[in-house]
Amino acid sequence: MDAIRVHGIEKSYGKQRVLTGIDLTVPAGTVFGLLGPNGAGKTTLVRILATLVQPDAGRAEVAGHDVVSAAFSVREKISLTGQYAAVDELQTGYENLVMVGRLRRLGRAAAKRRATELLERIDLVDAGRKLVKTYSGGMRRRLDVAMSLVTEPPVIFLDEPTTGLDPRSRQQMWTFVRELADAGSTIFLTTQYLEEADQLADRIMLIDHGVAVADGTAAELKVRVGGERVELEFASLADRAAAVLDLGAAVTAFGELSLTVSTDGTAAEVRELLDRMDKIGATVAKVAIHRPTLDDVFFALTGGNPR
Amino acid sequence: MTSAYWAVDNSLAMIGRSLRISARNVEALLMAVILPIMLMLIFVYIFGGAINSGTEYVNYVVPGIIILCAGFGASTTAVSVTHDMVSGMVDRVRSMPVVGSAVLTGHVVASVARNLVAMVIVVGVGLAIGWRPAAGVGDWFAATGFLALFMLSISWLAACLGLLVRSVDAAGGATFAITFLPYVSSAFVPVDTLPSWLRGVAEHQPITPIVETTRGLLMGTPIGSSWWIALLWFGGITLVAFAWAAALFRRRTA
């Protein structure tokens, strides 16, 4: 069962093309990461899927309902946490949660019970009775996400859930997203952080200027850039020269005192490489193993750094 | 439960929200309390001496001040609606299976409540500085109900303006006309003192019949056809603003 199906979505604002021919499917119960720099069109796609904006062309279904012709049915199955924490500063955390519970048709009593439960879950029991304007950025963001979970919708949209958070709050948010995924929700998240998509998403789509430039699992994308690399730093220029003669075409990059060689990342292969250097008398001072990051993927696929 | 039940329950939840936020918004609260007092004192003691209204000026000006305060209140309402648009609260609600008007209903009811508080303050200050209304209990109820309808219609209009503009700053300016109209009416000066071209404007804009009706109910001056002209204005403004706001709410994106 696919939770989200998108086919040929296009969107322009005036002459500005924001999305061009986006196709994707997200199987139910998985985490999908939409990765791209600022202005790539991530938020526009989320807004189309959350029924806030209509596409110019193409079709999109969420939880089996068309986002245009059956928008109300879609809204019953989703929640959206936008880029900016949409919480009322002059209400308490508790009041914010009760308000959403009532909008979600829980009724007053059930909405109050649920608010109390959620405050415990996001670790805001004490702060829950204070006005949100006294909260830190991380607390606000947790409350914001909790407001989207009042009725545990099957499909959850998180638009840049950790933008602007300090590292500790980001870790907390990641843990929270993983818990949601483990509980069986389908999660569609956008991020500009390559590491975040790598950490959280089962599948990743990379978009740039509204066009999908790549998609796959994090591992698949990394393979497209070429596997892992070993960097050998030599004790002297003479050692390095000897190694260049011996390794020949295996060298993929040259540094001042160092050489980079492709590897499968196993201990056996690294040991073999070091033994070989020993044999020819080239002294290796330092060894570093590099895994390709999604930054490398971005560079390899778009020919530039993420802007 | 029927969807009508939930539409009402959603609106009640949002009314509660807007009332709580109003009561905690110190800046808006001060404006709602201090402004009526200042306006009363300025008009009665500073301008009043120079204006010949045919009676003690305080007896002439009270309805005008109530309406002027409601105009300023409209700016608070527009700003809070725009704030919801810009902050993402409107997006949050639009992505839920909720009747769109619930958020706006909350703002409008809170707006009417704030305006009624301002009205009580104007009446209190007025009585303290020598206002002597001629109204009986029935007249008071009629005048309050009548002004509440006025507040309702301009609150919906303010909500509309709040949805139309793109920034909180612009929202304050958008309601300028609502705060300005009372000056070109019989609120502060008798219309027959205006130059003839301006008199035409003053006689055919909504504020004049509203002021005349309120003055008639509270001071016993003749009302004539003012009351039903005013009610037509209220009905027209409310219907148009409500329908327009509901449409804007669904389509508008910040």
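**Reading a two-chain model**

Tutor: Let's start at strand β8 of chain A, where both faces are covered: T186(A), F188(A) and T190(A) are buried on one side, and I187(A), L189(A) and T191(A) are buried on the other. One caution: this is a predicted model, in which local features need pLDDT of at least 70 and side-chain atom pairs count only at pLDDT 80 or more, while totals for chains, interfaces and linings use all residues. Residues are numbered from 1 along each chain as its sequence is written, and chains are lettered from A and ligands numbered from 1 in the order in which they are written.

Student: Which strands run parallel to β8(A)?

Tutor: Strands of a sheet pair through backbone hydrogen bonds, either parallel or antiparallel. Here, two strands pair if DSSP finds at least two bridges between them. Strand β3 (residues 31–35) of chain A runs parallel to β8(A), joined by 5 bridges, and G33(A) stands opposite L189(A). Strand β7 (residues 155–159) of chain A is also parallel to β8(A), again over 5 bridges, with I156(A) opposite I187(A). From β7(A) the chain crosses through helix α6 (residues 167–182) of chain A to β8(A), a right-handed β-α-β crossover. Right-handed means that, with the strands pointing away from the viewer, the path from the first strand over the helix to the second runs clockwise.

Student: In what order do the 4 strands of the open sheet in chain A stand?

Tutor: The order is β2-β1-β4-β5, and the pairing is antiparallel. Strands β2 (16–27) and β5 (65–66) of chain A stand at the edges, each with a single partner strand, so one side of each has no neighbour in the sheet. Further in, β1 (residues 2–13) and β4 (residues 57–62) of chain A pair in the antiparallel sense over 5 bridges. One pair to look for is H7(A), whose bridge partner in β4(A) is R59(A).

Student: What does helix α1 of chain A lie across?

Tutor: Axes are lines fitted to C-alpha atoms, for helices over the stretch in contact, and angles run from 0 to 180 degrees between N-to-C directions. Two residues are in contact if their C-beta atoms, placed from the backbone, lie within 7 Å. Helix α1 (residues 42–49) of chain A lies across β1, β2 and β4 of chain A, at about 120° to β1(A).

Student: How far apart are the C-alpha centres of domain 1 and domain 2 of chain A?

Tutor: Domain bounds come from an automatic or database domain assignment. For chain A, the assignment gives domain 1 (2–222) and domain 2 (228–290), and their C-alpha centres lie 45 Å apart. The C-alpha trace of chain A spans about 80 × 45 × 35 Å along its principal axes.

Student: How many residues does the contact take from chain B and from chain A?

Tutor: The contact takes 21 residues from chain B and 21 residues from chain A. On the chain B side, α1 (3–24) and α4 (89–94) each supply at least two residues, and α1(B) gives the most, with 8 residues.

Student: Which residues of chain B does the UniProt annotation "transmembrane region" cover?

Tutor: UniProt positions are given in the numbering used here, feature names are shortened, and annotations may be inferred rather than shown by experiment. The unreviewed UniProt entry gives residues 28–48, 60–81, 102–129, 141–164, 171–191 and 227–249 of chain B. In the model, residues 60–81 of chain B are 100% helix and 0% strand, with end C-alpha atoms 34 Å apart. Residues 141–164 of chain B are 100% helix and 0% strand, with end C-alpha atoms 35 Å apart.

Definitions and conventions
A residue is buried if 20 or more other C-beta atoms lie within 10 Å of its own, exposed if 12 or fewer, and partly exposed in between; C-beta atoms are placed from the backbone.
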